[in-house]
Amino acid sequence: SFPSAILEVLPSIRDSYLKYTALFDPNCSAVELITERYPLNCAPPGPSPPLTGVDLSPTSIAVMPMQILPKYVLLLKDAQKEELPDTDVIPRAISGVEQLCSDIDASQRRSLNATKVSEINAEYKKTILNGYDQVIDDAYFHDSLDADAKAYRAILCSDKLSVLSFKDVSGTKLRGVHSFPLNKVQSVRNNSQLGCLILEVQEGGRLQTVQLYSEDSLILSQWTMALSLGIDKVMQSV
């Protein structure tokens, strides 16, 4: 029966759907290329008329596989109203498809968010980093590891370190910029237990502490080494 068939194929289509949404291209460049080479709205051979009333844009084609799943739920709910021999299977089939829809939505949100972050990052580098010479590295940090932590962007140049602070977690609303020469950095420590870089900076006749937090231990290690090398080079050139 239809409900039993849905239950049987759910595990296999689940993997395919989640892989598809994880790689979902919101710009639909691949689908656009295919539809350019093989137009789907052209008249088929023979007397049949061309398709009408159907949106065959690349975006619509890309989301078609995901749009069909809610229709399965409607069909199953309609079947639930009928007196069928396997009515006990229908609720499980409905629950399985609804869970898959929920998982797909979450997967697609993660994919779109990753794309958005990538676009923001590219725009950020194009606009803000233009004002910096000889950039060695730049990375996101935070002022703590709390969920509502404010974002920092650290830009390491050959002679200075700039820390951009933001008003929000995502790091899109700039609050201020604090720059200091590398020859003013007295020490750099990677505190792996706290998950942060600890810099001691000589400013205004006193020693100040700057803490940059990250959950990525590799970034902390790389930046500890890069800062240490940068400071050594600056001190040697003095």
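Strand 5 (residues 185–191) and strand 6 (residues 196–203) run antiparallel and are joined by 6 bridges. Two strands count as paired if DSSP finds at least two bridges between them. Helices (H or I, at least four residues) and strands (E, at least two) are DSSP runs, numbered from the N terminus. The model is predicted, so local features need pLDDT of at least 70 and side-chain atom pairs count only at pLDDT 80 or more, while totals for chains, interfaces and linings use all residues. Residues are numbered from 1 along each chain as its sequence is written, and side-chain values use heavy atoms, with hydrogens and water left out.

**Antiparallel strands**

Valine 185 has valine 201, in strand 6, as its bridge partner. The hairpin formed by strand 5 and strand 6 has 4 residues between the strands, and glycine 195 in this turn has a positive phi of about 70°. Strand 6 is also joined to strand 7 (residues 206–213), by 8 bridges, and these two strands run antiparallel. Valine 201 stands opposite glutamine 208 in strand 7. Between strand 6 and strand 7 the hairpin has 2 residues, and glycine 204 in the turn has a positive phi of about 60°. In a regular strand the side chains alternate between the two faces of the sheet.

**Salt bridges**

The structure holds 3 salt bridges, each defined as a side-chain nitrogen of Lys or Arg within 4 Å of a carboxyl oxygen of Asp or Glu.

| Salt bridge | N to O distance |
|---|---|
| Arginine 14 – aspartate 103 | 2.6 Å |
| Lysine 77 – glutamate 98 | 3.7 Å |
| Arginine 153 – aspartate 138 | 2.5 Å |

Aspartate 103 forms a salt bridge with arginine 14. This pair links distant parts of the chain, with aspartate 103 in helix 4 (residues 89–127) and arginine 14 in helix 1 (residues 2–22), 89 residues apart. Aspartate 103 is buried, at a relative accessible area of 18%, whereas arginine 14 is partly exposed at 31%. Here buried means under 20% relative accessible area, exposed over 50%, and partly exposed in between (1.4 Å probe, protein chains only).

Lysine 77 and glutamate 98 meet through their side chains. Lysine 77 lies in helix 3 (residues 58–81) and glutamate 98 in helix 4, 21 residues apart. Lysine 77 is partly exposed at 38% relative accessibility, and glutamate 98 is partly exposed with a relative accessible area of 38%.

Arginine 153 and aspartate 138 form a further salt bridge. Arginine 153 belongs to strand 2 (residues 151–157) and aspartate 138 to strand 1 (residues 135–142), so the pair ties together parts that are 15 residues apart in sequence. Both arginine 153 and aspartate 138 are buried.

**Valine 97 in helix 4**

Valine 97 lies in helix 4 and counts as buried, at 1% relative accessibility. Its C-alpha atom is separated by 6.6 Å from that of valine 73, 24 residues apart along the chain. Leaving aside neighbours within four places in sequence, valine 97 is in contact (heavy atoms within 4.5 Å) with Ile6, Leu10, Leu69, Tyr72, Val73 and Leu76.

**The chain as a whole**

The chain has 5 helices and 7 strands, in the sequence pattern α-α-α-α-β-β-β-β-β-β-β-α. Of its 238 residues, 33% are buried. Among contacts between residues at least 6 apart in sequence, 49% join residues at least 24 apart.
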